[in-house]
Amino acid sequence: MLGLFRSRPNILALSSRISKFKAGPEPQTVRLQRVKIRRRWLKPWHFVGACMAYYVSYNIYTHIMSSQIGKLLEQQIATMSPLERKQLKKDMEEDESEPLTIPLPLTMKLVQPLPYKGTDPEWQMFIKVAKDKALMEGIKTSLAEMARTALQNHPQIKQRFGRNMTVRRHWLELHFPYRPPPTFERQVVEFGDEGIVLTTEPVDSAVAMRLRNVLWPSAMTLSTWAFTTELFKQNLNSVAKYFGFESQSPEPSADIQATLDKIRRQLAKGQPKAPDAKEQSPLASPKTQSVDGSETSTTTAMSPSSTSDSTTTPDPSGPGPKANGAASDKPASAKDMYGIRQMSDHTSGPWQTFKRKFGQSWKPAGNLPPRGSIGVSGMVEVTCPTATMTVEIWAYWDPQAKKFDPKTIQMRLKPIRMKHQAPMR
């Protein structure tokens, strides 16, 4: 009974003790102490060991590798003729005289040379060629024959028109340039007897033109920009249609409008008269008489079961027939995936724009003619038994080599004109 009157523990004190336990220990003072780390210096025996390793490696290379290479070179020189030895010695002397050069990137530039002077040998050659009428006609005739040969050796033209082609006429003119073709040069670092020197050196024109096309791909840039613009417009129109803003379609062209008018006139005349059911169709199946006198049709209506039987073929690999339209066991390729096929359909229009722009802006890397070359340009008409073809041609004739430079010849075929045309329908 006395336990009922015993005092209860203080609940507030218990809660304070619990909160104190949760709060964690009291904060303590943290002391920071600086520590100095001393580096480990290189010991002398490390340096001595590295020098000994380099010395041993150098002796092994000089006594084993170099001696074997020297023996092989001596054997090769012993088998050479005196003329080859003399040429080898000359080449080695030239290689020793040429200093080592390292080209600097993005330093190539085009240099326009000065015009020809009257005393230059190239200008004197121009005067000599201009006075020789027979030589000029020979140059024109030679270029016309080159155009004819190129046409008759073309696989598609040869397959369609044959090889019996002749030059009918030509309109070719010679052009004597006032200045040499431009050159290219770049800066290089030269290591020679005078030390390290920054100088310039010439660059081959063919290499320079191709390098410029690679470093400045203007055709690819314009085509990519056209692709991106067309794709952005297409996506913008799709978003506008999604929100209910229909874009106004452009007015139909004259051909489309004429077709629509023709369809309206045909609809205005009325629908064609339906064929009478009693009339026998010209496609009705013929009837044959059987032995008992009853008439039977040679063609029967195809039921679903007969259709399925007619569209199946026996499969030698399996016990039963398989449908012709059934999917094969060949695994689907990456192009058949849903995402890739949907992306291909979505970018088909911009891709056509890319190809069209690339075909308009892309030009092959041209080649500059040799110094002192004479330009020849014009058109050549080539005829065959069934058609007449006209070729637009450009080329440069080198007076020193007395022939055309093959790298500078460019041809473009005009539309082919047929001698005898008949309606296609």
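**Asking for the grounds of each label**

Visitor: Why is F354 counted as buried?

Guide: F354 has a relative accessibility of 13%, and because buried means under 20% relative accessible area, with exposed over 50% and partly exposed in between (1.4 Å probe, protein chains only), F354 counts as buried. The model is a predicted one, in which local features need pLDDT of at least 70 and side-chain atom pairs count only at pLDDT 80 or more, whereas totals for chains, interfaces and linings use all residues. Residues are numbered from 1 along each chain as its sequence is written, and side-chain values use heavy atoms, with hydrogens and water left out.

Visitor: What makes W351 and F354 a stacked pair?

Guide: Rings of Phe, Tyr and Trp (its six-membered ring) pair if their centres lie within 6.5 Å, and the planes count as stacked under 30 degrees apart, edge-to-face over 60 and tilted for the rest. A search of the whole structure finds nine aromatic pairs. For W351 and F354, the centres are 5.0 Å apart and the planes stand at 10 degrees, so this pair is stacked. Both residues belong to helix α12 (residues 348-361), where three residues, about one turn of the helix, separate them; W351, at 43% relative accessibility, is partly exposed. Ring pairs also link Y116, W123, F126, F176 and Y178 into a cluster.

Visitor: What makes a segment count as a helix or a strand, and how many of each does the chain have?

Guide: Helices (H or I, at least four residues) and strands (E, at least two) are DSSP runs, numbered from the N terminus, and the chain has 12 helices and 14 strands.

Visitor: How do you know that the structure holds zero disulfides?

Guide: A disulfide is a pair of cysteine sulfur atoms within 2.5 Å, and the structure holds zero of them. As for the cysteines themselves, C51 is partly exposed at a relative accessible area of 37%, whereas C384 is buried at 3%.

Visitor: What sets L106 and K402 apart as residues with a positive phi?

Guide: L106 has a phi near 60 degrees, a positive value in a residue other than glycine, and K402, which is not a glycine either, has a positive phi of about 55 degrees. L106 sits in the loop between β1 (100-103) and β2 (109-111), and K402 in the loop between β11 (387-398) and β12 (403-404). The relative accessibility of L106 is 73%, so L106 counts as exposed, and K402 is likewise exposed, with a relative accessible area of 65%.

Visitor: What does E190 touch, leaving out residues up to four places away in sequence?

Guide: Contact means heavy atoms within 4.5 Å, and with that exclusion E190, in strand β4 (residues 183-192), touches P99, L100, T101, G195, I196, V197 and T199. E190 and I102 are 88 residues apart in sequence, yet their C-alpha atoms lie 6.6 Å apart in space. At 25% relative accessibility, E190 counts as partly exposed.

Visitor: And for the chain as a whole, which percentages describe burial and contacts?

Guide: Buried residues make up 16% of the 425 residues in the chain. Of the contacts with a separation of 6 or more, 64% join residues 24 or more positions apart.
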